[in-house]
Amino acid sequence: MKPRLLAALTAVALGALIAPAAPAVAAPAPAAASVVAPAAVKATGKVTVKKIATKTVKKGKKVTVKPSYKVSGKVKIVSARLTVTKGKASYGKNKTSVKLAAGKYTVKQQVSYKLRSGKGWGKTRTAKLTQTLTVKTAAAKKVTRSQQNALGKAKQYLRYMPFSKAGLIEQLEYEGYSYADASWAVNKVGANWNKQAAAKAEQYLQYMYFSRDGLIEQLEYEGFTSSQARYGVNAAGL
């Protein structure tokens, strides 16, 4: 190899050995993670106050009226009350229930509630409704001919002899009346069963001798209750 070429190659080799290393390229620093605040939990739920439907009661009776409402979602009822008026008369103020007879009333309902919010409950909310409520008297059921006949027969029996309530029903059934008609008639006949027991006790003592306990047992056998039998025996002086 020529001396000049050798010298050139040597110089290149020596330059590579003593040349400073290329600086390392630093990796880009990771971007700082952004902190996202948790989204606020929205309270969900609803309370709807419903109109109270028309009520029907038997003549001379009363019906219990309570607040009417519908709940959807996560709801906590705090209170449900109503205020009832009729003209200037008040039938209950902020009550959980009110008993009403037949008539037309102004009813104000108020339901207080809370909605679920996160792990707790939100502030108290209120739902209201004002309405006119009608309470009707139930129409009287028509008395059938068979019921009328059973009632007439029950009265006829009681004019001539004393009966217990159960005994009179049984007698009417023996006469061919259905249990329903016989029961209806005996309930309508208006008898005082204590006095019937007393009359029956007197009737027995007119023809037979009885001990007190024996006569009580006999009256119970006739269908009188224990208290009616005891009343009858006491009234008979035994």
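Student: What does the accessible surface of the protein come to, and what share of it belongs to carbon and sulfur atoms? After that, please go through helix 6 and what covers its buried residues.

Tutor: The model is predicted: local features need pLDDT of at least 70, side-chain atom pairs count only at pLDDT 80 or more, and totals for chains, interfaces and linings use all residues. Residues are numbered from 1 along each chain as its sequence is written, and side-chain values use heavy atoms, with hydrogens and water left out.

The accessible surface is about 17,000 Å², and 54% of it belongs to carbon and sulfur atoms. Such areas come from the Shrake-Rupley method with a 1.4 Å probe, and for residues only the protein chains shown count as cover. Of the 238 residues, 26% are buried; buried means under 20% relative accessible area, exposed over 50%, and partly exposed in between (1.4 Å probe, protein chains only). The protein has 7 helices and 10 strands, which are DSSP runs numbered from the N terminus (helices: H or I, at least four residues; strands: E, at least two). Among contacts (heavy atoms within 4.5 Å) with a separation of 6 or more, 59% join residues 24 or more positions apart.

Now to the requested part. Helix 6 spans residues 212-221, and its buried residues are L215, I216 and L219. They lie on the same side of helix 6 because they cover an arc of only 100 degrees around the axis, the arc being that of the directions from the helix axis to the C-beta atoms. As background, an α-helix has 3.6 residues a turn, so residues three or four places apart point the same way. On the face turned away from the buried side sit D213, E217 and Y221, which are exposed.

The cover over the buried residues of helix 6 includes helix 5 (193-207) and helix 7 (226-235). After helix 6 comes G223, with a positive phi near 110 degrees.

Helix 7 can be read in the same manner. Q228, A229, G232 and V233 are its buried residues. Their arc around the axis is only 130 degrees, which puts them on the same side of helix 7. These buried residues pack against helix 5 and helix 6. G237 follows helix 7, and its phi is also positive, near 85 degrees.

The loop between helix 4 (179-188) and helix 5 contains A191. A191 is partly exposed, at 23% relative accessible area. The C-alpha atoms of A191 and S164 are 9.2 Å apart, while the two residues are 27 positions apart in sequence.

Q147 is buried, with a relative accessible area of 14%. Leaving out residues up to four places away in sequence, Q147 touches K142, D181 and W184. A polar atom of the Q147 side chain lies 3.0 Å from the backbone nitrogen of T144.

For contrast, here is a strand residue. T83, in strand 5 (residues 75-86), is buried at 19% relative accessible area. The T83 side chain reaches the backbone nitrogen of N94 at 3.0 Å. Residues that T83 touches include G92, K93 and T106, not counting those up to four places away in sequence.

Key. A polar contact is a pair of N or O atoms within 3.5 Å; within protein, one must be able to donate a hydrogen and the other to accept it, and residues adjacent in sequence count only if both atoms are side-chain atoms.
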